[in-house]
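I looked up each topic in turn and wrote down what came out.

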Amino acid sequence: MIHLDQLGLMTFPRASERWNKERSYVYQQYKKYPEKFLPGSTAYLNGSGSGGTLIITREGMEHLTGQTEAEASNELWEAIVMKQSNIIEQKQAVTEEEIFEQMLQMIDYHARNEMVNEGITYDYLDEQRKNFGIRLKNGVTIYYKNIRRGRLPDEFKEKDIIVLRTGRMFQVEKIGGYPIAEISFKGQIVLYDTDASDEIVRQIQRVAAKISQYDQKD
């Protein structure tokens, strides 16, 4: 018997994100190049055609892209156990799911008594929402964080703009239009079109914020 959790089922938008693509990537590939998909790797949930939700298996995504999720994302996560200011244990993984499981194992070893007596509440431990985990009464902190965001995409899209990588910069264009700005790897914006609407500027700022979150060594 095949267990569904072994198939790694994902919606098309979620699969696109996990493979470091734009949310529409898998859907666009499905519509334009259906022959590229592994037979039996896609299906509709809750109906068919426009009335259903398209899903794809993990194996289907690996076949479509030629990469595993880890290879595509190029992310790196780290789980840490600290006693006061000293690190006493560290583990790394290439996906958030894997590092969360690693953290749970650390908690089971270091915080078993507190779990039994009072339970544990997980939360972000800093204002930047980078370190997710727990603080224990015995002075131990256990958490995980992302230490490499992943490979910087070559293309970003917002409602009215498309942002394309050109060497060490990103060029911002109106969809079907002309260049209106550029964005540096650090998220700095140079606006060419001084008449751009407030909404267009907000879209550019959203993309700039995304770009600035990636590994600057990309």
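**Aromatic rings.** I began with the rule for ring pairs: rings of Phe, Tyr and Trp (its six-membered ring) pair if their centres lie within 6.5 Å, and planes under 30 degrees apart count as stacked, over 60 as edge-to-face and the rest as tilted. I noted that this is a predicted model, in which local features need pLDDT of at least 70 and side-chain atom pairs count only at pLDDT 80 or more, while totals for chains, interfaces and linings use all residues. Residues are numbered from 1 along each chain as its sequence is written, and side-chain values use heavy atoms, with hydrogens and water left out.

Which residues form one aromatic cluster? I found Trp77, Phe100, Tyr122, Tyr124, Phe132 and Tyr144 in it. My search of the whole structure gave 11 aromatic pairs. One of them joins Phe100 and Tyr144 edge-to-face, with 6.2 Å from centre to centre and 85° between the planes. This pair links distant parts of the chain, since Phe100 sits in helix α6 (residues 96-110) and Tyr144 in strand β8 (residues 140-148), 44 residues apart.

I then looked up how accessible the two partners are, taking buried as under 20% relative accessible area, exposed as over 50% and partly exposed as in between (1.4 Å probe, protein chains only). Phe100 is partly exposed at 27%, whereas Tyr144 is buried at 7%. Tyr124 and Phe132 also form an edge-to-face pair, with 5.2 Å between the centres and 70° between the planes. Here Tyr124 is partly exposed at 33%, and Phe132 counts as buried at 19%.

**Salt bridges.** I counted a salt bridge where a side-chain nitrogen of Lys or Arg lies within 4 Å of a carboxyl oxygen of Asp or Glu. On that rule the whole structure holds 10 salt bridges. Among them, Lys91 pairs with Glu89, the closest N and O atoms being 3.9 Å apart; Lys91 is partly exposed at 26%, and Glu89 is partly exposed at 24%.

Arg202 forms a salt bridge with Glu199, with 3.2 Å between the closest N and O atoms. How far apart are Arg202 and Glu199 in helix α8? They are three residues apart in that helix (residues 198-212), and therefore separated by about one helical turn. I noted that Arg202 is partly exposed at 39% and Glu199 partly exposed at 30%. Both belong to a network of salt bridges that links Glu158, Glu199, Arg202, Arg206 and Lys210.

**Second largest pocket.** Rolling a probe the size of a water molecule over the atoms shows where empty space is left. I defined a pocket on a 1 Å grid over the protein atoms alone, as an open set of points where a 1.4 Å probe fits, with protein on both sides within 12 Å along at least five of seven lines; lining residues have an atom within 4 Å of a point.

The second largest pocket has 18 lining residues, and Asn20, Lys21, Glu22, Tyr25 and Glu155 lie nearest its centre. The elements that give two or more residues to this lining are α3 (25-32) and β9 (155-157), and α3 gives the most, with four residues.

Lys21 lies over the face of Tyr25, at 5.0 Å from the ring centre; the rule asks for NZ of Lys or CZ of Arg within 6 Å of the ring centre and within 35 degrees of the ring normal. Glu155 meets Lys157 in a salt bridge of 3.6 Å, N to O, where Glu155 is partly exposed at 29% and Lys157 is partly exposed at 41%.

**Backbone.** Most residues other than glycine have a negative phi, and most peptide bonds are trans. I recorded Gln84 with a positive phi of about 55° although it is not a glycine. Gln84 is found in the loop between β4 (76-83) and β5 (86-93), and at 57% relative accessibility Gln84 counts as exposed.
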